[in-house]
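Hello,

Here is the structure I promised to hand over. My notes follow below.

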Amino acid sequence: MSKVTQITHPLIQHKLAYIRDKNTGSKYFRELVEEVAMLMAYEVTRDIQLEEVEIETPICTTKCKVLSGKKMAIVPILRAGLGMVDGVLKLIPAAKVGHIGMYRNEETLQPVEYFCKLPQDISERDVIITDPMIATGGSAMDAISALKKRGAKNIRLMCLIAAPEGIKAISDAHPDVDIYAASIDEKLNEQGYIVPGLGDAGDRLFGTK
């Protein structure tokens, strides 16, 4: 079963309130999403592997912990997932970035894949998928399947807000994928939108309708 972690740090919850606010403009919205992604990445990478090295301080020689060299990849689900990438890269600048393009058929609510470009060594990397919103979970499930089909093994999903329905669907389909969310919201409405949600993340990030 997927491990589901709701990251409730006060700074994240504070910034998320302004992200939800319909009066927040695109510029501030983008900045907030990036900041929250960076704060969330701190928790998502909590169990990353370390190794011991010997260094010399100005005083003496000592042993310290550094990242073990395990390679990482960030894979945003286009287009809204792009808004979270720079925040994660600020903490993990050596990570490679792949892209998966998914859109939701408004009639069937099912995802359609239209683009996939990943690092060639994706099978050797720990993967963080970014998508601000997990509603039905369809796009995320298909993105995870696309990554697995191309060899990815260790995958984590990071989102700002998620509906319980989406979390259950992803957990059932991919029990090996851990899910991290800043908020687990109340439900989906009849149109498949998260309640209370934040509207359409892509439109709000890029100023489109």
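Which residues does the UniProt annotation "binding site" (unreviewed entry) cover? The record lists Arg79, Arg104, Asp131, Pro132, Met133, Ile134, Ala135, Thr136, Gly137, Gly138, Ser139 and Asp200. From this set, the lining of the largest pocket takes in Arg79, Arg104, Asp131, Met133, Ile134, Ala135, Thr136, Gly137, Gly138, Ser139 and Asp200. UniProt positions are in the numbering used here, feature names are shortened, and annotations may be inferred rather than shown by experiment.

This is a predicted model: local features need pLDDT of at least 70, side-chain atom pairs count only at pLDDT 80 or more, and totals for chains, interfaces and linings use all residues. Residues are numbered from 1 along each chain as its sequence is written, and side-chain values use heavy atoms, with hydrogens and water left out.

A pocket here is an open set of points on a 1 Å grid over the protein atoms alone, where a 1.4 Å probe fits, with protein on both sides within 12 Å along at least five of seven lines; lining residues have an atom within 4 Å of a point.

A further "binding site" annotation, also from the unreviewed UniProt entry, covers Ile194, Gly199, Asp200 and Ala201. The lining of the largest pocket includes Ile194, Gly199, Asp200 and Ala201.

Now the loops. Helices (H or I, at least four residues) and strands (E, at least two) are DSSP runs, numbered from the N terminus. Arg79 sits in the loop between strand E4 (72-78) and helix H3 (82-91). The Leu78 to Arg79 peptide bond is cis, with omega near 0 degrees. Most peptide bonds are trans. Asp200 is in the loop between E13 and H6. Pro196 is found in the loop between strand E13 (194-195) and helix H6 (201-206). The bond from Val195 to Pro196 is cis, with omega near 0 degrees. Gly137 lies in the loop between strand E9 (133-134) and H4.

Next, helix packing. H4 (residues 138-149) and H5 (residues 164-173) pack at about 25 degrees, with axes 9 Å apart. Axes are lines fitted to C-alpha atoms over the stretch in contact, and angles run from 0 to 180 degrees between N-to-C directions. H4 and H5 are therefore roughly parallel (under 35 degrees). Ala140, Met141 and Ile144 in H4 meet Ala169, Ile170 and Ala173 in H5 (contact: heavy atoms within 4.5 Å).

H1 (residues 10-20) and H2 (residues 26-44) pack at about 155 degrees, with axes 10 Å apart. That makes H1 roughly antiparallel to H2 (over 145 degrees).

Best wishes

Key
Angles under 35 degrees count as roughly parallel, over 145 as roughly antiparallel, 65 to 115 as roughly perpendicular and the rest as oblique.
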